[in-house]
Amino acid sequence: MFSAVEWMIAWRYMRARRAEGFISVIAGFSLLGIALGVATLIIVLSVMNGFRIELLDRILGLNGHIAVVSSAGAVSDYNPLAERVRVVDGVLSVTPLVEGQILATSGGRAAGALVRGLTPEDLSSRPSIAGNIRSGSLDNFSGADAIVLGSRLARTLGVIAGDKVTLVSPKGTVTAFGTVPRMQAYRVVATFKVGMFEFDSSFIFMPLKAAQQYFRLGDTVSQLEVFVENPDNLLRQRLAIGAAIDGEHRLFDWQQANRSFFNALQVERNVMFLILTLIILVAAFNIISSLIMLVKDKGSAIAILRTVGASRGTIMRVFFIVGASIGVVGTLSGTILGLLFARNIETLRRALETLTGTDLFAAEIYFLSQLPAEVDSGEVVMVVCMALGLSVLATLYPSWRASRLDPVEALRNE
């Protein structure tokens, strides 16, 4: 498609000369702008993908995909109900659960927390907890006074495995002198760290029987947590589970509970994509301006080429090669830089924190304890094609203008 002569002429035009210094600077900034735009877009999309995947893994690792709750409050006769749900096609497990808000205190320190009561077998079967124990052991998670704390909550209270923590329930005992908060001391048998700030700083696990006794629920539970095979497509499971339970119970899934949060993530991702695409677009316009200036500067050379037999197509292809080369080199450079940065972003973050002495990724703000990045090959291909497409489009008008240059007028103006 392109001859060797056309490549040779284009290469000569791309080399910087003293008289074309300003043009070369503009072309260099165009290349740099495309490279930075492509790299930044790949990095941002990878980080946003990593955020969503990590948050989903941690949220769905600790919380059920579907919750079966009672319209009356507590769920009674939960064992027969759980058996009916377990036989539904696509259901992996059903966990009776007691849940309640409390105030945890120890040694004069206090923190709000969420108590979740479930059987030792159910807790041990959750890899997000059993695989992230930092101290102690789940083997001691039994009896009436055993609890498992998140590592950040344990640090806030200043306790370790083996220490005592007092739990204070706002739903106290009604006496002649008013409502007295219910208080009871528990032994910390283990601490866990799942890497999500909300869970590590506010979750307490307690054996199911002990939680029923503490919250005075008798032989009832707060809800049934249901885990299914495909949490991204819950419609079929919801319909099947709804047919298996009676009208006194209703379903509440993880998408309903976290819809606003994940919708906000998607909106932010789309806005960032639009903003960063503008960087590539500005760089493409720089290609247009640099090529137009190059065409003006090379007017006499173009006229000479036309007089010795070069066709308009040849002239157009020469300048097309010049502009497209800037776009291709910038896109490839940006892609390599973006992939390298995304693959090593957590290492770079730690290095910058060590160098500056500041916390660049506070878990209290960003929910996660480390900066995630997940490269999507489809998105990388989309970004590369978009950058190449804009670069090619940017070369068309200057190349067409060069091919339409009148040799007589060009030589007369020299």
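Reader: Which residue does Arg-238 meet in a salt bridge?
Author: In this predicted model, the side chain of Arg-238 forms a salt bridge with that of Asp-253, at 2.8 Å from N to O. A salt bridge here is a side-chain nitrogen of Lys or Arg within 4 Å of a carboxyl oxygen of Asp or Glu.

Reader: And where do Arg-238 and Asp-253 lie?
Author: Arg-238 belongs to helix 9 (residues 235–244) and Asp-253 to strand 10, so the pair links distant parts of the chain, 15 residues apart. Helices (H or I, at least four residues) and strands (E, at least two) are DSSP runs, numbered from the N terminus.

Reader: Is Asp-253 buried or exposed?
Author: Asp-253 is buried, at 6% relative accessible area, while Arg-238 is partly exposed at 24%. Buried means under 20% relative accessible area, exposed over 50%, and partly exposed in between, with a 1.4 Å probe and protein chains only.

Reader: How many salt bridges are there by this rule?
Author: The count is 8. Shared partners join Glu-99, Arg-116, Arg-126 and Glu-225 into one network.

Reader: What does the bridge between Glu-99 and Arg-116 tie together?
Author: The closest N and O atoms of Glu-99 and Arg-116 are 3.0 Å apart. Because Glu-99 lies in strand 2 (residues 91–106) and Arg-116 in strand 3, the pair ties together parts 17 residues apart in sequence. Glu-99 is partly exposed at 30%, whereas Arg-116 is buried at 3%.

Reader: What about Glu-83 and Arg-86, how far apart are they in helix 3?
Author: They are 3 residues apart in helix 3 (residues 78–86), and are therefore separated by about one helical turn.

Reader: New topic: what is the volume of the largest pocket?
Author: Its volume is about 550 Å³. On a 1 Å grid over the protein atoms alone, a pocket is an open set of points where a 1.4 Å probe fits, with protein on both sides within 12 Å along at least five of seven lines. The volume is the space filled by probe spheres set on the points.

Reader: Which residues lie nearest the centre of the largest pocket?
Author: They are Ile-59, Asn-63, Phe-252, Ala-257 and Asn-258, out of 23 lining residues, where lining means having an atom within 4 Å of a point. Elements giving two or more residues to this lining include strand 3 (109–118) and strand 10 (249–253).

How values were computed: Residues are numbered from 1 along each chain as its sequence is written. This is a predicted model: local features need pLDDT of at least 70, side-chain atom pairs count only at pLDDT 80 or more; totals for chains, interfaces and linings use all residues. Side-chain values use heavy atoms; hydrogens and water are left out.
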